Amino acid sequence: MATITASAMQEAAKTPSASPPRAMAAPTASPARYRPSLLVIFSACLVLIGAGGPLLLRVYFVHGGQRLWLSALLQISGWPLLLPPLCVSLFRGRRHGIANLLLPLRLVGAAAMLGSLYAVSCFVYAMGSQALPLSTSSLLLATQLAFTAVFAFLFVGLRFTPFSANAVMLLIIGPAVLGVGPGSGKPAGEPSKTYWTGFCEGIAAAALAGLVLPLVEVAMERYGRRTGPAARTPPPYSTVMQMQAVMGAAGTMVCLLGMAIKSDFGALRSEAATFGLGETNYYLVLVWDAVSWQLLNLGIMGLITCASSLLAGIMIAVLLPLSEILAVLFLHEKFDGPKGIALVLSLWGFASYMYGEKVQQKKVEAQKSELLQQQVARKTGDLELAAP
């Protein structure tokens with residue numbers, strides 16, 4: 001029996017053995033399509049839903065509203081709406097044993113400072129909105145994408161591509177077309193000095209907004225880093241709500257201080273009594289404007305936290321065509337030639353940026369696929385050399 005076993009073992013040794021172990025089949029080389037996360041899509045939808053904020057703010061000014069600090073307060077004071085869902089989110093996270101849901105103290109301080117700066121931006125935007133039609137102020141606000149790109153280049157390390165550079169140039173030239181020709185875009189009966197002052201204020205508001213967005217991204221990157229396995233996952237939406245709540249609370253304090261200095265609290269009742277749409281509608285406009293702006297701000301904060309400040313700036317630029325349509329439909333504003341040219345240039349710039357992002361994403365995915373193939377080929381060669 002032992003002899004038979006030994007001979008059998010010798011025959012087995014002479015016969016070709018099974019093929020050496022091979023590496024696992026490599027993934028297909030075709031680049032994967034980029035799909036944004038659900039939180040990014042949700043935040044983008046909030047930005048679009050909040051498009052009624054600028055419209056209602058213009059309604060406030062058109063029908064007799066004059067309080068600038070109050071209008072700035074409307075843009076930032078809706079943060080208490082976040083407290084119920086934020087408490088629920090933190091409670092559920094604690095029940096599931098998730099730690100580090102609260103913002104670090106340094107990030108809270110940075111968010112408070114940025115909220116104060118954003119309140120100043122809202123005040124300057126209100127000054128421009130008081131003097132300009134909604135379509136003109138919206139076009140000017142669209143230049144924040146150019147400022148966001150520049151500040152992101154300086155603070156975040158954004159790399160320009162030919163498409164993004166073309167988009168920035170078009171978004172700068174587009175609103176500049178509004179100043180072509182005497183009285184272009186100026187409402188009838190409004191002094192030229194008032195119009196051009198509002199024009200400059202709109203540009204200043206766009207510059208401040210373009211500065212705040214990258215600074216929020218820098219603050220999140222520097223002070224909001226998480227450790228452990230959670231560092232490799234996107235931040236929870238409770239982080240987005242906390243950032244927005246802290247910035248909103250700090251900005252609200254700045255606006256309330258401005259209202260106290262300007263004695264706006266005592267003038268609200270008289271302003272409501274003389275409002276063109278009636279006293280009840282006056283308070284309804286204020287409430288719904290604050291709600292709309294809060295949805296818009298929460299969506300922007302979600303895009304910054306879950307994606308990038310540049311994507312947040314792009315979504316603000318997407319509001320441009322929607323604001324134009326809303327202004328023509330509900331406020332009966334005139335859509336003249338310079339505004340049409342500015343709109344086309346702005347949309348062209350946005351389309352150029354989006355196409356450039358698509359091309360850049362394809363290049364990145366192709367490089368990742370090529371690197372993966374090289375790693376698989378190297379491992380396969382090592383296994384073949386190691387096989388007897």
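This is a predicted model: local features need pLDDT of at least 70, side-chain atom pairs count only at pLDDT 80 or more; totals for chains, interfaces and linings use all residues.

Biologist: Let us move to the overall fold. How many helices and strands does the chain have?

Modeller: The chain has 15 helices and zero strands. It contains 388 residues, of which 44% count as buried.

Biologist: What share of the contacts joins residues at least 24 apart?

Modeller: Considering contacts between residues at least 6 apart in sequence, 85% join residues at least 24 apart. Leu 48 belongs to helix α2, residues 38-49, and at 37% relative accessibility it counts as partly exposed.

Biologist: Now the helix packing. At what angle do α6 and α10 pack?

Modeller: Helix α6 (residues 105-131) and helix α10 (residues 192-223) pack at about 165°, and their axes are 7 Å apart. Angles over 145 degrees count as roughly antiparallel, so α6 and α10 are roughly antiparallel to each other.

Biologist: Is that crossing left-handed or right-handed?

Modeller: The crossing of α6 with α10 is left-handed.

Biologist: What about α10 and α11, how do their axes cross?

Modeller: The axes of α10 and α11 come within 13 Å and cross at roughly 125°. The two helices are therefore oblique to each other, and their crossing is right-handed. On the α10 side the contact is made by Val 212, Val 216 and Met 220, and on the α11 side by Thr 239, Met 243 and Met 247.

Biologist: Which angle separates α11 and α12?

Modeller: Helix α11 (residues 237-261) packs against helix α12 (residues 264-273) at an angle of about 80°, with the axes 7 Å apart. That makes α11 roughly perpendicular to α12. Leu 256, Met 259 and Ala 260 of α11 make this contact with Asp 264, Phe 265 and Leu 268 of α12.

Biologist: What lies in the loop between α11 and α12?

Modeller: Ser 263 lies in that loop. Although Ser 263 is not a glycine, it has a positive phi of about 60°.

Biologist: Which residues does Glu 271 contact?

Modeller: Leaving aside neighbours within four places in sequence, Glu 271 is in contact with Tyr 60, Gly 64, Gly 65, Gln 66, Arg 67, Leu 70 and Tyr 282. A polar atom of the Glu 271 side chain lies 3.0 Å from the backbone nitrogen of Gln 66. There is also a polar contact of 2.6 Å between the side chains of Glu 271 and Tyr 282.

Biologist: Where is Tyr 282?

Modeller: Tyr 282 lies in helix α13, residues 279-306. At 1% relative accessibility, Tyr 282 counts as buried. Apart from neighbours within four places in sequence, its contacts include Tyr 60, Leu 70, Leu 268 and Phe 275. Tyr 282 and Gly 64 are 218 residues apart in sequence, and their C-alpha atoms are 9.8 Å apart.

Biologist: One last topic. In which loop does Ser 77 lie?

Modeller: Ser 77 lies in the loop between α4 (68-74) and α5 (83-95). A polar atom of its side chain is 2.7 Å from the backbone oxygen of Leu 73.

Biologist: What else is Ser 77 in contact with?

Modeller: Beyond neighbours within four places in sequence, Ser 77 is in contact with Thr 252 and Ala 290. The C-alpha atoms of Ser 77 and Gly 251 are separated by 7.7 Å, although these residues are 174 residues apart along the chain.

Key: Residues are numbered from 1 along each chain as its sequence is written. Side-chain values use heavy atoms; hydrogens and water are left out. Helices (H or I, at least four residues) and strands (E, at least two) are DSSP runs, numbered from the N terminus. Contact means heavy atoms within 4.5 Å. A polar contact is a pair of N or O atoms within 3.5 Å; within protein, one must be able to donate a hydrogen and the other to accept it, and residues adjacent in sequence count only if both atoms are side-chain atoms. Axes are lines fitted to C-alpha atoms, for helices over the stretch in contact, and angles run from 0 to 180 degrees between N-to-C directions. Angles under 35 degrees count as roughly parallel, over 145 as roughly antiparallel, 65 to 115 as roughly perpendicular and the rest as oblique. A crossing is left-handed if the near helix is turned anticlockwise from the far one by less than a right angle, and right-handed if clockwise. Buried means under 20% relative accessible area, exposed over 50%, partly exposed in between (1.4 Å probe, protein chains only).
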